Amino acid sequence: MKILIVDDEAPARARLRRVLEEMDDCVVSGEAANGSEALQLTARLQPDILLLDIRMPGMDGLEAVQHLQSLGQPPAVIFTTAYNDYAVQAFEAHAVDYLLKPVRRERLADALQHARLLTRLQARALHEAGAAPASRQRICASVRGSLQLIEVDDIRYFQADQKYVSVVTPGGEVLIEETLKALEEEFADRFVRIHRNALVARDYIAGLERDDEGHGRVQLSGIANSLEVSRRHIAGIRRLVKALQG
């Protein structure tokens, strides 16, 4: 089994590596110091299992797991933490196990054996069958073979085009393989549908205008182009713009 160790403390990573090197059928494929590094290494190394700390600077372990589920074949996750108050959240994220530090060799061996029995396909099925997690703070996109994280606070709109969705910020555009419907459900408090193919960020709506053909168009701060509003949504968007403008 290929294992990726994720912990912001170097001594903790070293201890786990020593224990794993004494076990048969375990190969440490890499180490990461935070959730962002874990995502990058997971995409490149394709580990079978993550030994994942929870409290880390930047992206913590719980948020990293949300992004991992967007991968085609997410690895199994075993949380390793010094805190026992995240157990419910960990298992809601479909962790295989939850180990308290200092991690005992016997306990780790049991968790790895359990993970061995779970194929990647089974882990994916467990995720899809479970309850939806809290909305993400970042969107994960694959860009030229590496993972890029986009802050949701920076996103102006999502726009669907066939099987991809464009994620647009003032700095550019990336494509993700998620559905507009799922994004609408996850970010219902932050984005509003204006068309069957578009969601826009409520906080960045700057105005509503009509084009030469009489179609409503939403203006978004930081974005040069405006987006068409369908007839079905125009009344609701007009009320929202009025409310936003006071």
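The structure holds 3 aromatic pairs; rings of Phe, Tyr and Trp (its six-membered ring) pair if their centres lie within 6.5 Å, with planes under 30 degrees apart counted as stacked, over 60 as edge-to-face and the rest as tilted. This is a predicted model, in which local features need pLDDT of at least 70 and side-chain atom pairs count only at pLDDT 80 or more, while totals for chains, interfaces and linings use all residues. Residues are numbered from 1 along each chain as its sequence is written, and side-chain values use heavy atoms, with hydrogens and water left out.

**Aromatic cluster**

- Phe-158 and Phe-191 make a tilted pair, 4.9 Å centre to centre with 50 degrees between the planes.
- This pair links distant parts of the chain, 33 residues apart: Phe-158 lies in strand β8 (residues 157–161) and Phe-191 in strand β11 (residues 191–195). Helices (H or I, at least four residues) and strands (E, at least two) are DSSP runs, numbered from the N terminus.
- Phe-158 has a relative accessible area of 0% and is buried; Phe-191, at 4%, also counts as buried. Buried means under 20% relative accessible area, exposed over 50%, and partly exposed in between (1.4 Å probe, protein chains only).
- Phe-187 and Phe-191 form an edge-to-face pair, with 6.1 Å between centres and 65 degrees between the planes.
- Phe-187 is buried, like Phe-191.
- One aromatic cluster is formed by Phe-158, Phe-187 and Phe-191.

**Charges over rings**

- The charged end of Arg-55 sits over the ring of Tyr-83, 3.8 Å from its centre. The criterion is NZ of Lys or CZ of Arg within 6 Å of the ring centre and within 35 degrees of the ring normal.
- Arg-156 lies over the face of Tyr-204, 3.6 Å from the ring centre.

- Arg-156 is in the loop between β7 (146–151) and β8.
- Arg-156 is buried but has no salt bridge, and the nearest side chain of opposite charge, Asp-154, is 5.1 Å away. A salt bridge is a side-chain nitrogen of Lys or Arg within 4 Å of a carboxyl oxygen of Asp or Glu; Lys and Arg count as positive and Asp and Glu as negative, with His and the chain ends not counted.
- The side chain of Arg-156 reaches the backbone oxygen of Asp-154 at 3.1 Å.

**Strand β3**

- Strand β3 (residues 49–52) is covered on both faces, with Ile-49 and Leu-51 buried on one side and Leu-50 and Leu-52 buried on the other.
- Strand β1 (residues 2–6) runs parallel to β3 and is joined to it by 4 bridges; two strands pair if DSSP finds at least two bridges between them. The partner of Ile-5 in β3 is Leu-51.
- Strand β4 (residues 76–81) is also parallel to β3, with 4 bridges joining the two. Ile-49 has Ala-76 as its bridge partner in β4.

Notes
Polar contact = N/O pair within 3.5 Å; in protein donor to acceptor, adjacent residues only side chain to side chain.
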